[in-house]
Amino acid sequence: MAALPMDLEGKTFRKIFGSKTPCLERLLLKRKVMGPCWLKLDGVAAINSNTTWCKFEVGLTNKKAVSVLPDAPPPPPLIVASLHVQTVQNAKNQPEIVLASVITHSRVSVDGATTNQQALQSFSVVLNFLIAKLHNLDADVLVGHNIAAYDMGVLLQRIQACKILHWSKVGRMRMRTMPKLSGGTSAFSGNTFAQWSVVAGRLMCDTFLSAQELLPSQRSYALKELAMTQLNAQKPEVDASLVPAMFDETPSILNLVRVCENDAFLSLQLMFRLQVLPLTKQLTNLAGNLWSKSLQGKRAERIEYLLLHEFHRLKYVCPNKETYAQRNAKRKAKAGPDEEEDGPEQEQDDGGRRGEGQTGRKKPAYAGGLVLEPKRGFYDHFVLLLDFNSLYPSIVQEYNICFTTVTRPTPDEEGNLPLAALPSASAEPGVLPRMIGQLVARRKDVRSMLKQEKDGARKAQLDIRQKALKIMANSMYGCLGFS
């Protein structure tokens with residue numbers, strides 16, 4: 001049956017909630033699945049289906065057949081493949097793949113540091129053989145630097161142009177129709193929905209995106225710069241215009257292969273250095289969202305799922321989520337006849353950290369924290385610096401600010417919201433301050449355990465956990481302002 005429209009009314013009801021809730025979201029909330037974990041499946045039956053490329057496919061009668069396994073064993077090691085493609089511009093000024101290099105590790109830990117990080121295998125192939133090799137390898141994780149926007153984008157475009165069969169073996173879902181590809185193939189080519197959807201069933205770790213979240217003070221996120229600052233390694237480069245001529249002689253081809261494989265190697269080492277897989281797994285276990293979304297840097301979505309799980313546990317009915325089209329229609333309706341319309345709203349999930357001067361909007365959605373610009377010059381007297389520890393989370397806790405405690409004021413005729421009154425001192429503690437308090441307290445406990453721990457592997461796990469708790473607590477306030 002089709003979903004009921006959200007604006008439907010009747011004699012005995014005024015509003016419908018949850019009609020647009022995705023099935024996956026409902027499954028995660030109802031079955032209390034908090035991120036990657038072992039699941040128990042009851043009453044499974046083999047099915048004759050060609051839905052996936054997986055070795056086994058089973059069917060379940062209903063969602064209650066899925067439950068989180070108590071006393072679960074440790075997570076299994078993952079097969080990780082780092083991919084890098086070497087391209088040249090063809091006569092139509094489009095990138096064509098002349099070589100693809102893959103570096104693989106078959107026992108990557110997702111709970112802590114991977115031992116023996118140099119136990120690697122590699123192959124470099126041309127395009128038509130690459131799909132077969134990737135399918136046989138059956139990697140759980142595909143890694144690359146800017147792999148989502150560039151490598152995978154170019155790969156799918158060339159697969160489409162060359163009419164390669166079984167192209168969907170790049171992922172684990174059998175697909176008959178290629179999703180619509182965006183035109184660009186650069187770090188800023190915009191929508192990369194097709195790339196993420198085609199690799200469904202595998203994780204895709206883009207170290208370009210991960211570095212932006214985990215290294216906020218980094219000057220440049222180019223692989224060459226990150227290799228220097230994080231790995232203390234050099235990244236040899238080849239002039240793209242010289243690549244075709246390198247196929248004339250064996251030594252130059254081998255040199256090209258070494259350069260291409262080195263880029264894949266650096267991406268894999270960067271993933272290990274930043275502990276991307278263990279850290280994003282911990283974040284996903286805390287939030288109860290999808291691991292693939294955490295790897296995309298969807299900070300606001302992590303917070304949304306964290307709150308959804310808690311409000312569902314407390315038996316709240318959550319409001320319907322506005323679509324981008326609905327928000328756009330509201331914005332156009334609010335714009336006066338002489339008022340210049342806002343530009344297209346940026347749909348990038350940046351955790352609500354956008355501030356003054358951000359492009360894509362006429363004005364910021366709300367003011368961020370005060371940042372004082374440093375005054376250049378020589379100081380011959382003491383400089384006093386005062387800083388609050390976790391300022392915004394502390395304010396939320398101190399004044400008991402929550403969806404459940406603050407009465408939302410009615411907008412005035414111009415649509416502006418007056419300031420809301422603070423909750424009374426006698427009000428019950430809200431969900432939001434309680435959850436922030438729990439994250440901060442849990443991190444304090446983990447850091448205390450970390451100081452006393454002597455075992456190296458256990459210490460690494462605790463450090464990853466405290467980092468994940470810090471990221472969640474720090475992004476809570478900013479994400480609440482994300483549309």
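A residue counts as buried under 20% relative accessible area, as exposed over 50%, and as partly exposed in between. In this predicted model, leucine 39 has a relative accessible area of 38% and is therefore partly exposed. Leucine 39 belongs to strand E1, which covers residues 39-41. Together with Leu41, Val44, Val58, Leu60 and Val68, Leu39 makes a nonpolar surface patch of about 440 Å².

**Salt bridges**

Side chains of opposite charge can pair when their charged atoms come close. The whole structure holds 15 salt bridges.

| Pair | N to O distance |
|---|---|
| Glutamate 96 and arginine 158 | 3.5 Å |
| Aspartate 138 and arginine 172 | 3.0 Å |
| Arginine 434 and glutamate 310 | 3.0 Å |

Glutamate 96 and arginine 158 form a salt bridge. This pair links distant parts of the chain, 62 residues apart: glutamate 96 is in strand E6 (residues 95-108) and arginine 158 in helix H3 (residues 147-162). Glutamate 96 has 27% relative accessibility and so counts as partly exposed, while arginine 158, with a relative accessible area of 13%, is buried.

Aspartate 138 and arginine 172 also form a salt bridge. Aspartate 138 sits in the loop between helix H2 (127-137) and strand E8 (141-144), and arginine 172 in the loop between H3 and helix H4 (193-198), so their pairing ties together parts 34 residues apart in sequence. Arginine 172 is buried, because its relative accessibility is 15%. Both residues belong to a network of salt bridges that also includes Lys55, Asp140 and Arg202.

A salt bridge also joins arginine 434 and glutamate 310. Arginine 434 is part of helix H14 (residues 431-452) and glutamate 310 of helix H11 (residues 299-313), so this pair ties together parts that are 124 residues apart in sequence. Arginine 434 is partly exposed at 29% relative accessibility, and glutamate 310 is buried at 11%.

**A buried glutamate without a salt bridge**

Which side chain of opposite charge is nearest to glutamate 57, a buried residue with no salt bridge? That side chain is arginine 174, 5.4 Å away. Glutamate 57 is located in the loop between strand E2 (45-46) and strand E3 (58-59). Its side chain does make a polar contact, at 3.0 Å, with the side chain of threonine 52. Beyond its neighbours within four places in sequence, glutamate 57 is in contact with residues including Ala46, Ile47, Ser49 and Asn50.

Note on methods: Residues are numbered from 1 along each chain as its sequence is written. This is a predicted model: local features need pLDDT of at least 70, side-chain atom pairs count only at pLDDT 80 or more; totals for chains, interfaces and linings use all residues. Side-chain values use heavy atoms; hydrogens and water are left out. Patches are made of residues with over 30% relative accessible area and no salt bridge: like charges are joined within 9 Å, nonpolar side chains (Val, Leu, Ile, Met, Phe, Trp, Tyr) within 5 Å. Accessible areas come from the Shrake-Rupley method with a 1.4 Å probe; for residues, only the protein chains shown count as cover. A salt bridge is a side-chain nitrogen of Lys or Arg within 4 Å of a carboxyl oxygen of Asp or Glu. Helices (H or I, at least four residues) and strands (E, at least two) are DSSP runs, numbered from the N terminus. Buried means under 20% relative accessible area, exposed over 50%, partly exposed in between (1.4 Å probe, protein chains only). Lys and Arg count as positive and Asp and Glu as negative; His and the chain ends are not counted. A polar contact is a pair of N or O atoms within 3.5 Å; within protein, one must be able to donate a hydrogen and the other to accept it, and residues adjacent in sequence count only if both atoms are side-chain atoms. Contact means heavy atoms within 4.5 Å.
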